[in-house]
Amino acid sequence: MKIAMVGSGYVGLVSGACFADFGHDVVCIDKDQSKIDRLHNGIMPIYEPGLDALVESNVKAGRLSFTTSLAEGIKDASAIFIAVGTPSRRGDGHADLSFVYAVAKEVGENLANDAVVVTKSTVPVGTGDEVERIIADTRTSHKVSVVSNPEFLREGAAIADFKRPDRIVIGAEDEFGREVMHEVYRPLFLNESPILFTSRRTSELIKYAANAFLATKITFINEMADLCEKVGADIQDVSRGIGMDNRIGPKFLHAGPGYGGSCFPKDTLALLKTAEDYDSPTRIVEAVVKVNDSRKRAMGRKVLDALGGADAARGKKVALLGLTFKPNTDDMRDSPSIAVAQTLHDAGVEVSAYDPEGMEQAKPMMPFVTMCENPYEAIEGADATVIVTEWDAFRALDLGKVKELAKSPVLVDLRNIYTPADVRAAGFEYSSVGRT
Ligand code: UGA
């Protein structure tokens, strides 16, 4: 089957490469000539483990190609995926759908055969209806079915998530749409990945409800962590204790500095906007957004506390280990490190940092931070070392070396990757999240 993927960003490229790996004939389309040129040369526009090898082998096998021409790319495609960005619109938090609608129009104007048009981008409820109207307005003579197929990929684990999904959600309004999508996902269906067919609007809402629920779960455990610190309980045991209940489940109960990334912050805001438009308030999600925002700044204050308070912190130096919103990505969007670094800078603290992949993206967001070649260079002369992102490289630091290089042996572990007793036994003042 031939598949066209319009938009070769994170979602489009991973999905396109994985579909090709399943044996489909895939063309990835993007308006950005330099991105397509780089892809032709095997250079990935994003950092995602395993993606370069997957792209290379499928290009070699002749199943994956790239073009800037939408008309050429969609020719003979049975399924045309729209995987362009839907950033938060400035001012009101609504998802900006202008790229999605522009693609829909261009698809309608250039269709040369019957096709299913699939929205893979995260789009608010009702977007599929509008895409359908836009394509109908182009007066194409070909049969078109507009389908919703949200993605549930996690950055850093996207290929595994795509190939072994918990479920595939497809929102289709007619048999043509359902049949083509069944064919698209047949290789996964054979692997017994469950496929849930729903109406288009339901599918669109499932995506937002899933991300809002996960954001809620994280925020809930983060507030429990704060309470643990006050009452002298241990958040990791609380997480285990509640996660063993099958109704709750153990995942996404890891307390930390607050969620970031390209999805949860943007999608929770967009859901709030939809709820407001339909006069159906989602107060829990409202609270989650507020709590998470203030948490990121609170983490900066936690570091100031470890330095002896805001007054004592002035003129001191802090090393931040990890800047990206989570490990195995170079993505800095809405990362807690931004608020932590800013809070420290505002308090007159000198900040150095090291991140295995994110420093290039981080630089313009925190121009006052000195970026270093490795964790130990960042730690040299520091009054406190802070683990902001749980990269594997920070899980087994040479604590003896840290102690030697740092001005003071103070470790603030915002991801709870060390055991308090071990670090204290190594002579450190240690604070973490939800543990005393
Ligand atoms: C998230 C969802 O997990 C994916 O299913 C979804 O497809 C994606 O958004 C999207 O909508 O495109 P992602 O943003 O890549 O994926 O990252 P997650 O692994 O979900 O982590 C998000 C944030 O939550 C990170 O800042 C992470 O550190 C934080 N987190 C996660 C916690 O603080 N605690 C946890 O227990 C889990």
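A salt bridge, for today, is a side-chain nitrogen of Lys or Arg within 4 Å of a carboxyl oxygen of Asp or Glu. With that rule, the whole structure gives 25 salt bridges, and the count between domain 1 and domain 3 is zero.

Quick housekeeping. This is a predicted model, so local features need pLDDT of at least 70 and side-chain atom pairs count only at pLDDT 80 or more, while totals for chains, interfaces and linings use all residues. Residues are numbered from 1 along each chain as its sequence is written, and side-chain values use heavy atoms, with hydrogens and water left out.

Okay, domains. The bounds come from an automatic or database domain assignment, and that assignment gives domain 1 (2–198), domain 2 (208–289) and domain 3 (294–432). Between domain 1 and domain 3, the centres are 38 Å apart, taken over C-alpha atoms. Five residues from domain 1 and eight residues from domain 3 make up the contact, where contact means heavy atoms within 4.5 Å.

How much area is buried between domain 1 and domain 3? About 560 Å², with carbon and sulfur atoms giving 44% of that. Buried area here is the accessible area (1.4 Å probe) that two parts lose on being put together, summed over both. On the domain 1 side, Tyr 47, Glu 155 and Gly 156 lose the most area to domain 3, together 88% of what that side buries.

Let's zoom in on Gly 156. You'll find Gly 156 in the loop between strand 6 (144–148) and helix 7 (158–163); helices (H or I, at least four residues) and strands (E, at least two) are DSSP runs, numbered from the N terminus. Leaving aside neighbours within four places in sequence, Gly 156 is in contact with Tyr 10, Glu 48, Pro 49 and Asn 328. Gly 156 and Tyr 47 are 109 residues apart along the chain, and their C-alpha atoms are separated by 8.2 Å.

Next, pockets. On a 1 Å grid over the protein atoms alone, a pocket is an open set of points with protein on both sides within 12 Å along at least five of seven lines, a cavity is a set where a 1.4 Å probe fits but cannot get out, and lining residues have an atom within 4 Å of a point. Grid points are joined across faces, edges and corners, and a volume is the space filled by probe spheres set on the points.

The second largest pocket comes out at about 210 Å³. Where does this pocket lie? It lies between domain 2 and domain 3, because both give residues to its lining. Helix 10 (200–231) and helix 13 (283–306) each supply at least two lining residues, and helix 13 gives the most, with six. By class, the lining has four nonpolar, one polar and six charged residues. Nonpolar means Ala, Val, Leu, Ile, Met, Phe, Trp, Tyr, Cys and Pro, charged means Asp, Glu, Lys and Arg, and the others, Gly among them, are polar.

Among the lining residues are Asp 226 and Arg 295. Those two form a salt bridge, with the closest N and O atoms 3.2 Å apart. The pair links distant parts of the chain, Arg 295 in helix 13 and Asp 226 in helix 10, 69 residues apart.
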